[in-house]
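Here are my notes, written for someone new to reading structures. Have the chains open beside you and follow along point by point.

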Amino acid sequence: MSAVLDQHGHSHGHDDHHHGPPSGLMRWVMTTNHKDIGTLYLWFSFIMFLTGGVLALGIRMELFQPGLQYWNPEFFNQLTTMHGLIMVFGAIMPAFVGFANWLIPLQIGAPDMAFARMNNWSFWLLVPAAMLLVISFFVPGGATAAGWTLYAPLSTQMGLGMDLGIFAMHIMGASSIMGSINIVTTILNMRAPGMTLMKMPMFCWTWLITAYLLIAVMPVLAGAITMVLTDRHFGTSFFNAAGGGDPVMYQHIFWFFGHPEVYIMILPAFGIISHVVPAFARKQLFGYASMVYATSSIAILSFIVWAHHMFTTGMPASGQLFFMYATMLIAVPTGVKVFNWIATMWKGSMTFETPMLFAVGFIFVFTMGGFTGLICAVTPIDIQIQDTYYVVAHFHYVLVAGSLFALFSGTYYWIPKWTGHMYDEGLGKLHFWASIIFFNITFFPMHFLGLAGMPRRIPDYATQFADFNAIASVGAFGFGLSQLIFLVVVLKAIKGGAKVGDKPWEGAEGLEWTVPSPAPYHTFETAPQVK
Amino acid sequence: MDSAQAAGNRETRWKLLVVVLIMGGFGYALVPFYKAICEITGINELVKADAKPANTQIDTSRKVTVEFDANSNHLPWRFRPLTGSIEVHPGELVQVIYEVTNVRDRPMTGQAIPSYAPKAAAQYFKKLECFCFKQQTLAAHESRQFPVVFVIDPDMSKDVTTITLSYTFFEIAGKGNS
């Protein structure tokens, strides 16, 4: 990189082997550059987001009216299952890994990720996994229809699509584990001199903890679905009652993975919001240390709450009480975070550019999802609303308005650094307002549907649910179309737009804003000194 | 990246890979752990004889209707109770007969799994004798009658007036069905 000098102006005499990126397709196939891989992850997740979104629109189309209009019930179940799997494992998780790849080396002053070639592999494993998922729609019997949780005994019975789904999950799990090992090693070993752990940016902290969670629970998921696979084909009886197994045990093993997984999908979002809010309030993040401890507490507590997904499986009352109180305890560190963000905004000189709009929208709507989570945690209420649309509303409030809005916020915040161009502010604001309004039109009525007793995962429903379902379907199509605005904004920012300097946001802080925009192909080859 | 740092990175990677392996093993260790918990707490013992309730006084003040149901899951067996339903007093020892016929030309092995509705009644329904306590092998075209002996614990809530006992026979693959 003799042409593009590194930001500190040190000159290099040793590096004629570093140039810009090679051109053509092979650049992307063979790249070991963290920025390229981050870009690949982000595009992959966006494509999967649109795929999962189309499946969701298929669901909402069918539910627009009572009765069976478009799909038979088997295909409807495939739609709900694949929507869940693709959004969780194909869209949200890879998007956060994309952010991690782009930002962690820039934020800690490292030249690249610790294991650059493994990084390439963890991305390219995702592509065959996604292809397996999509292909499974076209095999006899169709895709897996057991719900994204793949509960036994449904999952021990279905056709070939289930096996393809299991293999896809295995591959995605391996990819996540490799990505996490990379992230933990990079953060622990490659921070710039002077950057102690407690000086590290919040995004890196939340990802460090998330990566540990992934390393701890992804192997458990792999175990659970391997047991399903051997039950299906190799005569074991882990979940087959006739052979001495127990289908409820699948739920225990799955949720031992599944609940930490919930936090895997939200902790990096907390990290992004903890960057955006201080930047646009033009104040330091309030309570940095308490943010770190709150994140860690959430991660530790996430291992002892799994059975709150299973209150209706016939658990002793003492077990229900334990899991209820443990779950409610998580509201404390989460509350610490929300109050810290609000305290950061307090008396700040706030402006509301698109990243800040999404961040404030996140705090508002995510907190609503958090409150419905508390309601679901109360055992007697949960027994009423288990498997109803109330639960659907709850987890879409935290996953769409939580994780996804944080991803949007982060994209708008860092896209000037990624592309060197300012995005179109008008379109960005339109994207925000369309998203948050249509989001609420889609998911708010689901609370009422759930309280009135409408079960989830059904293609047809009693006529008294018709009005709210029609409203939700209209909202869903509005929300889906609004995301095309985002695509336009991103494409426009890549192609051109106002050129930005090193630091386009006056309140932004961190090492990533000390390098030029767009960030050169190689950065921090000489580690910066952090005071 | 200098070589000292690369070596440090490799060391971290090995440590993390060990954690991955341990957690994979932990996932499988949950299986015996789960069985142990169920055994200690006495939940989910579907295919074991229950102890007779300590208080064997017959509660003649009320009657409970017990309905019998029989299914087979992918198993070509004809399986039915000889009695559709009976009325019993809690605490009373009752015997009913189920009949199973293997309609195939080859011997087959199956295991019956009971389930109860309402769920709250399950823990008060004590089976003292049942064909579900072990796997059953039936020769080709063999027909057999099995008794089920049970007591309903008088401690059961008075709100429960009907209990459905449903058995499902599952094939045990690889046994006697070559």
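1. Let's begin with one residue: where is the place of A:Phe468? A:Phe468 sits in helix H15 of chain A; helices here (H or I, at least four residues) and strands (E, at least two) are DSSP runs, numbered from the N terminus.

2. Before going further, some ground rules. This is a predicted model, where local features need pLDDT of at least 70, side-chain atom pairs count only at pLDDT 80 or more, and totals for chains, interfaces and linings use all residues. Residues are numbered from 1 along each chain as its sequence is written, chains are lettered from A and ligands numbered from 1 in the order in which they are written, and side-chain values use heavy atoms, with hydrogens and water left out.

3. Back to A:Phe468, which belongs to a nonpolar patch on the surface together with A:Trp433, A:Ile437, A:Ile441, A:Phe444, A:Phe448 and A:Ile471. Together they have about 610 Å² of accessible area (Shrake-Rupley method, 1.4 Å probe, with only the protein chains shown counting as cover for residues). To join such a patch, residues need over 30% relative accessible area and no salt bridge, with nonpolar side chains (Val, Leu, Ile, Met, Phe, Trp, Tyr) joined within 5 Å and like charges within 9 Å. Helix H14 (425-451) and helix H15 (466-495) of chain A each supply at least two of the residues, and H14(A) gives the most, with five.

4. Now the place where the chains meet. The contact (heavy atoms within 4.5 Å) takes 33 residues from chain A and 27 from chain B. About 2500 Å² is buried between chain B and chain A, and carbon and sulfur atoms give 73% of that; buried area is the accessible area (1.4 Å probe) that two parts lose on being put together, summed over both. Look for B:Leu16, B:Tyr28 and B:Tyr34: they supply 23% of what chain B buries against chain A, more than any other three residues.

5. How many salt bridges are there between chain B and chain A? The count is zero, where a salt bridge is a side-chain nitrogen of Lys or Arg within 4 Å of a carboxyl oxygen of Asp or Glu. On the side of chain B that touches chain A, helix H1 (3-41) and strand S5 (108-117) of chain B each give two or more residues, and H1(B) brings the largest share, 19 residues.

6. In one of them, the side chains of A:Asp387 and A:Arg456 meet at 3.6 Å, N to O. A:Asp387 is in the loop between H12 and H13 of chain A and A:Arg456 in the loop between H14 and H15, so the pair ties together parts 69 residues apart in sequence. Check the backbone of A:Asp387 too: its phi is near 60°, a positive value in a residue other than glycine.

7. Finally, two peptide bonds to look at. The bond from A:Ala152 to A:Pro153 is cis, with omega near 5°, and A:Pro153 lies in the loop between helix H4 (116-135) and helix H5 (160-189) of chain A. In chain B, the bond from B:Ala117 to B:Pro118 is cis, with omega near -5°.
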